[in-house]
Amino acid sequence: CNISSIPKNKITILAICDDSSTTKLASIGHISSVHEGKEPFKCDTCDACFANRTGLRLHISSIHENKRYKCAKCDASFTQDGSLKRHVVTNHEGKKPFQCDICDAKFAQTQQLNNHIASVHEGKKPFKCDICDAHFSQKGDLIRHISSVHEEKKPFKCATCDACFGHRTSLRLHISSIHKNKRYNCDKCDASFTHDSRLKRHVV
């Protein structure tokens with residue numbers, strides 16, 4: 001694709017994919033981020049990098065800045081009302097209206113369904129780990145793999161015990177299997193608590 005030949009203020013169809021861009025600058029940004037894999041915008045707080053400034057801003061607002069929309073059923077909080085609504089539908093209401101035509105799998109969002117089809121049924125896993133032979137269908141999965149497996153980072157800590165995990169899903173599984181409905185009973189009276197730390201404060 002010859003970027004210099006892209007006319008200004010006209011719809012341009014890139015020859016290497018089906019993307020359409022309204023400006024020359026948008027076409028250049030698309031090629032740089034999608035086809036060349038460039039991510040020049042780095043977060044000053046963590047190691048996350050992004051292909052464009054918008055992605056960086058969204059990351060900062062959702063991860064590092066104050067989250068205004070809090071879930072009434074758990075401790076999750078979000079910067080956008082739409083994200084909170086998707087969280088409630090997915091995690092608390094259990095609604096999964098998007099079903100795979102190939103198998104019986106159901107998903108809460110269309111993107112989840114598309115990722116499922118690409119990775120499970122089409123075998124598409126274009127993101128390869130440079131340290132081992134692991135392949136992933138999504139870049140985020142590759143980043144989490146490197147962070148938890150090779151860098152041994154475990155940022156998700158259980159509030160009840162000292163267990164730490166590399167993935168939020170692993171933490172949730174730990175809580176549901178180990179701590180859910182578990183009570184810590186006092187040996188000296190009939191008091192019981194949901195957290196070991198509360199029992200210790202009670203005894204003291």
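**Salt bridges, cysteines and a helix**

Author: Start with a salt bridge: Lys85 pairs with Asp81, and the closest N and O atoms are 3.2 Å apart. The cut-off is a side-chain nitrogen of Lys or Arg within 4 Å of a carboxyl oxygen of Asp or Glu. This is a predicted model: local features need pLDDT of at least 70, side-chain atom pairs count only at pLDDT 80 or more, and totals for chains, interfaces and linings use all residues. Residues are numbered from 1 along each chain as its sequence is written, and side-chain values use heavy atoms, with hydrogens and water left out.

Reader: Where do Lys85 and Asp81 lie?

Author: Both are in helix α3 (residues 81-92), four residues apart, about one turn of the helix. Helices here are DSSP runs of H or I, at least four residues; strands are runs of E, at least two; both are numbered from the N terminus.

Reader: Is Lys85 buried or exposed?

Author: Exposed, at a relative accessible area of 52%. Asp81 is partly exposed, at 32%. Buried means under 20% relative accessible area, exposed over 50%, partly exposed in between (1.4 Å probe, protein chains only).

Reader: How many salt bridges in the whole structure?

Author: Six. Among them is Lys124 with Glu122, at 3.3 Å, N to O. Lys124 has a relative accessible area of 49% and Glu122 has 47%, so both count as partly exposed. Another pairs Lys153 with Glu151, with the closest N and O atoms 3.4 Å apart.

Reader: New topic. How many disulfides?

Author: Zero, searching the whole structure. The test is a pair of cysteine sulfur atoms within 2.5 Å.

Reader: Where is Cys100, and what does it touch?

Author: Cys100 sits in the loop between β7 (98-99) and β8 (106-107). Leaving aside neighbours within four places in sequence, its contacts are Ala105, Leu113, His116, Ile117 and His121. Contact means heavy atoms within 4.5 Å.

Reader: How far is Cys100 from His116?

Author: They are 16 residues apart in sequence and 8.3 Å apart in space, C-alpha to C-alpha. His116 is in helix α4. His116 counts as buried, at 12% relative accessibility. Beyond four places in sequence, His116 touches Cys100, Cys103, Ala105, Phe107 and His121.

Reader: What about the whole chain? How many helices and strands?

Author: Seven helices and 14 strands. Of its 204 residues, 21% count as buried.
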